[in-house]
Protein chains: 2
Amino acid sequence: MMTPSKINFADKFSKLPDEDYSMRIVAKMNNYEFKIVKFKGEFVWHSHTDTDETFIILKGKMLMHLRDKIVELTDGEMIVIPKGVEHKPASEEGYEVLLIEPEGVHNTGNAESKMTINKPEWI
Amino acid sequence: MMTPSKINFADKFSKLPDEDYSMRIVAKMNNYEFKIVKFKGEFVWHSHTDTDETFIILKGKMLMHLRDKIVELTDGEMIVIPKGVEHKPASEEGYEVLLIEPEGVHNTGNAESKMTINKPEWI
């Protein structure tokens, strides 16, 4: 039987490449993946047809744009984006988040973009 | 279409009853629940037959006892306990965690105990 180990977020983020947008898988629970994401800038509007998606903010500030409002999120806050709901994360100063969603979900959902990552790597 | 709101962990924890062990649901993603848990003391040995279970530590220190080792976890760390793996969380000073698992999972798994919570409430 596999014996589990802990994941330290700061340690994982310190290994990310120095880019405005990077994403890596750090853990798996059943068929769900935990991904760390570092982002600065403006993402693309998109939605996920088949699944909800969870963002837990670990550092920095995220402006989660929705069609009817903007939700400002900081360290110690989370949001669940229900399936089908259009959203666009953005951040001037940058953020670090933990993203939780089923394996195989595309980061840009229904929107193809230069930001699309088809198969995130583990770190 | 439901429009999502953010969840602030400190705000949610401030509303928990002042007990050594309390647990409330704060969010749902598909059929998974996010629960905040405050705990001090020694839990019961148990495992979950059908599902993995994720602990994200938000405050304090957790000693996750496994049959072959003890994993010490603090703020900014997480662990996924695979299904079937026996575990016993414990903490002298107390901890606050975010627990993620499918709805309907019993907190004490295969072990009935005075700590068993059959149907956690929302907060």
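## Two copies, one axis

## About the model

This is a predicted model, in which local features need pLDDT of at least 70 and side-chain atom pairs count only at pLDDT 80 or more, while totals for chains, interfaces and linings use all residues. Residues are numbered from 1 along each chain as its sequence is written, with chains lettered from A and ligands numbered from 1 in the order in which they are written.

The average pLDDT of chain A is 95, and 98% of its residues score at least 70; pLDDT is the predictor's confidence in each residue, from 0 to 100. For the model, ipTM is 0.96 and pTM is 0.96.

## The fold of chain A

Chain A has one helix and eight strands, in the order β-α-β-β-β-β-β-β-β from the N terminus (DSSP runs numbered from the N terminus, with helices being H or I of at least four residues and strands E of at least two). Its radius of gyration is 14 Å, close to the 14 Å that the globule rule gives for 123 residues, so chain A is as compact as a globular protein of that length. That radius is taken over C-alpha atoms, and the rule is 2.2 Å times the number of residues to the power 0.38. The C-alpha trace of chain A spans about 45 × 30 × 25 Å along its principal axes.

## Strand 2 and its partners

Strand 2 (residues 21–29) of chain A pairs with strand 3 (residues 32–42) of chain A in the antiparallel sense, over eight bridges; pairing requires at least two bridges found by DSSP. The two strands form a hairpin with two residues between them, and A:N30 in the turn has a positive phi of about 50°. A:M29 stands opposite A:Y32 in strand 3 of chain A.

Strand 2 of chain A also runs parallel to strand 8 (residues 121–122) of chain A, joined by two bridges. Here A:I25 stands opposite A:W122.

## The nonpolar core

The largest nonpolar core holds 54 residues, and A:I57, A:V97, A:L98, B:I57, B:V97 and B:L98 touch the most other members. Such a core is a set of buried Ala, Val, Leu, Ile, Met, Phe, Trp, Tyr and Cys residues joined through C-beta atoms within 7 Å.

Leaving aside neighbours within four places in sequence, B:V97 is in contact (C-beta atoms, placed from the backbone, within 7 Å) with B:V37, B:F55, B:I56, B:I57, B:L58 and B:M62.

Key. Buried ≥ 20, exposed ≤ 12 C-beta atoms within 10 Å, placed from the backbone. Contact = placed C-beta atoms within 7 Å.
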